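Thanks for coming, everyone. Please look at the sequence and the model on the screen while I talk.

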Amino acid sequence: MKHEAFNMIAAAGAGALGAMGMGGGGILVIYLTLALGTPQLQAQGINLLFFLPCAAISLVINGLRRLVDWRRALWIALGGLPTTLLGLWIAGKIEIKWLGWIFAGLLIVIGGKELFSKQEN
């Protein structure tokens, strides 16, 4: 029972951050790999599956509020879909240990950028 409570807390935190556009996947992947011992590739796959309904709900809500630039979103999606396939192929070729280090490095770089960048009003 205690294990399920931690799972629900991690999922809620990741969902909340994802809904705010801050990338809850960072928390979810870290939780899955460090706390539950899930292999890195499997954790990333779970994160992508978790992301789909969160993104769909956010898209509907923000679309109804007219906060989505659909033309720009289409172009981003057209670029994002093939590069996602390329990234998946590359991730399958990288040794698991290095994949974890690359993921950690990206989180540190992005976190540092967010921490030290000036916010525009």
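Let me start with a question: in which helix is Gln44 found? Gln44 sits in helix H3. A helix here is a DSSP run of H or I with at least four residues, a strand is a run of E with at least two, and both are numbered from the N terminus.

Some ground rules. This is a predicted model, where local features need pLDDT of at least 70, side-chain atom pairs count only at pLDDT 80 or more, and totals for chains, interfaces and linings use all residues. Residues are numbered from 1 along each chain as its sequence is written, and side-chain values use heavy atoms, with hydrogens and water left out.

How confident is the predictor? pLDDT is its confidence in each residue, from 0 to 100. The protein averages 84, and 92% of the residues score at least 70. Confidence is lowest in helix H1, residues 2–19, with a mean of 77. It is highest in helix H4, residues 70–93, at 90. Where pLDDT is low, the predicted coordinates should not be read in detail.

Now the overall picture. The protein has five helices and zero strands. Its C-alpha atoms fill a box of roughly 40 × 35 × 30 Å, taken along the principal axes. Contact means heavy atoms within 4.5 Å. Of the contacts with a separation of 6 or more, 47% come from residues 24 or more positions apart.

Next, burial. Buried means under 20% relative accessible area, exposed means over 50%, and partly exposed lies in between, with a 1.4 Å probe and protein chains only. Of the 121 residues, 14% are buried.

Which residues form the largest nonpolar core? There are five: Ala14, Leu28, Val29, Leu32 and Ala43. Helix H2, residues 25–35, gives the most to this core, with three residues. A nonpolar core is a set of buried Ala, Val, Leu, Ile, Met, Phe, Trp, Tyr and Cys residues joined through side-chain atoms within 4.5 Å. Leu32 touches Gly37, Thr38, Ala43 and Ile46, not counting residues up to four places away in sequence.

Back to helix H3, residues 40–64, which holds Gln40. Is Gln40 buried or exposed? Gln40 counts as buried because its relative accessibility is 9%. Leaving out residues up to four places away in sequence, Gln40 touches Val29, Thr33, Ile96, Leu99, Gly100 and Phe103. Gln44 is partly exposed, at 23%. Gln44 and Trp101 are 57 residues apart along the chain, and their C-alpha atoms are separated by 14 Å.

Now charges. Side chains of opposite charge can pair when their charged atoms come close. A salt bridge is a side-chain nitrogen of Lys or Arg within 4 Å of a carboxyl oxygen of Asp or Glu. The count comes to one salt bridge. Arg72 and Asp69 meet in a salt bridge, at 3.9 Å from N to O. Arg72 is exposed, at 56%, while Asp69 is partly exposed, at 41%.

Last stop, the surface. Trp98, Trp101, Ile102, Leu106 and Ile110 make a nonpolar surface patch of about 590 Å². Patch residues have over 30% relative accessible area and no salt bridge; like charges are joined within 9 Å, and nonpolar side chains (Val, Leu, Ile, Met, Phe, Trp, Tyr) within 5 Å. Areas come from the Shrake-Rupley method with a 1.4 Å probe; for residues, only the protein chains shown count as cover. Ile110 lies in helix H5, residues 96–116.

Note on methods
pLDDT is the predictor's confidence in each residue, from 0 to 100.
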